[in-house]
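Please look through the sequence and the model shown here before reading on.

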Amino acid sequence: MKTLIIFSSKTGNTRSIAETIHEALPNSDIFPVENAPAPETLPGEYCLVCVGYWVDKGMPDAKAKAYLETLRGVRAALFGTLGAWPDSDHAKECIRKSEDLLKEPERGNTVMGSFICQGRVDPRVVEMMGKMAADVHPMTAERKARLEEAAKHPDDTDRARAKETFLAFAARAEEMTA
């Protein structure tokens, strides 16, 4: 069976991970969220639905979030990019919140898991955050270093981890379908 890959990307980070997953899974279709197939057509056509997002205020961005909220009766795996360290409490909370969007029992989805990595933050977002909430998000030396590191991602290591992770998700989804 086929895998569907849907993504929302602001700076190209999430698109890069989506394309890596698409290359790793030869029997897959890929669409930006704006052109995604209607959610009601997915069960039965795809054994796995992968949805990618960029983190905005601790949640999937608005476009990805809206799409996630429409999914019913699918096996889903998520991938995201953010400016924070991928092993931080913030990143873990982002994963939990995005998976929770799919886990409402009445929706009948199965969450296979998530992948998250750093990605370049849009400079306009950094500027806006600095103006809006200097007391909440001050530009400390540590924050500046983290944003500089985030600008180097996703890198080849991130893409290799995404490939490995989604090959495993797809294999488990196919086993569940058989």
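Predicted model: local features only at pLDDT ≥ 70, side-chain atom pairs only at ≥ 80, totals over all residues.

Of the 6 residues of β1, 5 are buried, so the strand is largely enclosed by the rest of the structure. Strand β1 covers residues 2-7.

Two strands are paired with β1. It is joined to β3 by 6 bridges, and the two run parallel; in this pairing Phe-7 stands opposite Gly-52 of β3. Strand β2 (residues 28-32) is also parallel to β1, with 5 bridges between them. Here Thr-3 stands opposite Ser-28 of β2.

## Nonpolar cores

The largest nonpolar core is made up of 27 residues. Leu-42, Val-49, Val-51, Tyr-67, Leu-71 and Ile-116 have the most contacts inside this core. At least two residues each come from β1, β3 (46-56), α2 (62-68), β5 (75-82), α3 (89-100) and β6. Strand β3 gives the most, with 5 residues.

Leu-71 shows what such a position touches. Leaving aside residues up to four places away in sequence, Leu-71 touches Pro-39, Leu-42, Val-49, Val-51, Leu-102, Arg-107 and Asn-109.

## Cysteines

How many disulfides does the structure hold? There are 0. For Cys-47, the closest cysteine sulfur is that of Cys-50, and the 8.8 Å between the two sulfurs is too far for a bond. Cys-47 has 1% relative accessibility and therefore counts as buried.

Cys-117 is in no disulfide either, as the nearest cysteine sulfur, in Cys-94, is 13 Å away. With a relative accessibility of 0%, Cys-117 counts as buried.

## Ser-114 in strand β6

Ser-114 is part of strand β6, which spans residues 110-118. Its side chain makes a polar contact of 2.7 Å with the side chain of Glu-99. Not counting residues up to four places away in sequence, Ser-114 touches Leu-78, Ile-95, Glu-99 and Phe-169.

## The buried side of helix α5

Which residues of helix α5 (residues 141-150) are buried? They are Arg-143, Arg-146, Leu-147 and Ala-150. These residues lie on the same side of α5, because they cover an arc of only 95° around the axis.

Technical notes:
Residues numbered from 1 in each chain as written. Heavy atoms only, no water. Helix = DSSP H or I, 4+ residues; strand = E, 2+ residues; numbered from the N terminus. Polar contact = N/O pair within 3.5 Å; in protein donor to acceptor, adjacent residues only side chain to side chain. Contact = heavy atoms within 4.5 Å. Buried < 20%, exposed > 50% of the residue type's maximum accessible area, 1.4 Å probe, protein only. Arc of directions from axis to C-beta. Core = buried A, V, L, I, M, F, W, Y, C linked by side-chain atoms within 4.5 Å. Disulfide = S-S within 2.5 Å. Pairing = 2+ DSSP bridges.
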